[in-house]
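Here are some notes to read alongside the model. Take them one at a time and find each residue as you go.

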Amino acid sequence: MVKYFLGLSVLKSSWDQVFVAFWQRYPNPYSKHVLTEDILFREVTPDNRLISRRLLTKTNHAPRWTEKYLPSNMARSAYVIEDSIVDPQSRTLTTFTWNISHARFMAVEERCVYGVNPDNNSWTEIKREAWISSNLFGLSRAVQEFGLARFKSSVTKTMKGFEFILAKMQGGIPSRTLVETAKEATDKVKETALAATEKAKDLASQAQKKQQYV
Amino acid sequence: MNSVGEGCTELKREYDQCFNRWFAEKFLKGDRSGDPCIEMFKSYQQCVQKAIKDKDIPIEGVEFMGPNKEKPGS
């Protein structure tokens, strides 16, 4: 069973600014859970596209109830790979991101296509799809709910992070205002995420109760 | 941003600076004159690949965009 997510976002900046920001977005006030970033591979192809592989380590910020279902020796940090293709001819950036650790607990795969917004060509649109699945017997539904909730709040943080870096690059807004706005938005994101994870926690305890009668 | 290899962060920063400049000023503008950051990338890579081995990070044999092949619309 897999949870599917599809979303469309817009950044009010031009495609080239967004592509530049894509490589400079860490760190930002919304990325505290991203601990390290490294480029492992990069090459310009014969047809002039840039392919890269980025390795990220992220804290596995998950609610307490999930810890029971993770082996005790499992690292707190998760490893995530992001492969990308920048095509300056078609003005598109395509990414595919997935976790290479904790995959049995939960696998999250995301594909994004960034391109010129068809309604306003000085803006950029991002089509984002994600597939969230878990292989834990009996618990997978709860873990998937949690995974989807966390993914959605991640998307909000990602977009805020982009806007922050783009505003900084464009030099329009004083840093302090940006940081304050960032804090408010982060608090809101936390509230939404909390509500969603409460729902997931309920599912988990329901699943547990069912198991007791088996 | 820190590198996963604690001793590699400085090399990463130097490479990132070179890359970001080339990316914005040359690559995105259609200038095909080639990547001037190759040597810096090599030094940075040597450091990072060692850190990855030491920490047993499972990146071996992972095909570029591998899992995307099984997805609809790929």
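1. Let's start with B:Glu63, which counts as partly exposed because its relative accessibility is 47%. The scale runs like this: buried is under 20% relative accessible area, exposed is over 50%, and partly exposed lies in between (1.4 Å probe, protein chains only). B:Lys69 counts as exposed, since its relative accessibility is 54%. These two residues form a salt bridge, with their closest N and O atoms 2.1 Å apart. The term means a side-chain nitrogen of Lys or Arg within 4 Å of a carboxyl oxygen of Asp or Glu.

2. A quick word on ground rules. This is a predicted model, in which local features need pLDDT of at least 70 and side-chain atom pairs count only at pLDDT 80 or more, while totals for chains, interfaces and linings use all residues. Residues are numbered from 1 along each chain as its sequence is written, chains are lettered from A and ligands numbered from 1 in the order in which they are written, and side-chain values use heavy atoms, leaving out hydrogens and water.

3. Helices (H or I, at least four residues) and strands (E, at least two) are DSSP runs, numbered from the N terminus. B:Glu39 counts as exposed at 56% relative accessibility, and B:Lys42 as partly exposed at 48%.

4. Now for a buried pair: A:Glu129 and A:Arg111 are both buried. Their salt bridge has its closest N and O atoms 3.0 Å apart. It links distant parts of the chain, from strand 7 (residues 124-133) to strand 6 (residues 107-116) of chain A, with the two residues 18 apart.

5. How many salt bridges are there over all chains? The count comes to 16. Some join up: A:Arg25, A:Glu37, A:Arg54, A:Glu82, B:Lys12 and B:Asp16 are linked in a network of them.

6. Last, the nonpolar core (buried Ala, Val, Leu, Ile, Met, Phe, Trp, Tyr and Cys residues joined through side-chain atoms within 4.5 Å). The largest has 65 residues, and those touching the most other members are A:Phe19, A:Leu55, A:Val86, A:Tyr114 and B:Phe23. Helix 3 (residues 140-170) of chain A gives the largest share, 11 residues. A second, separate core of five residues includes A:Tyr26, A:Val34, A:Leu56 and A:Val80.
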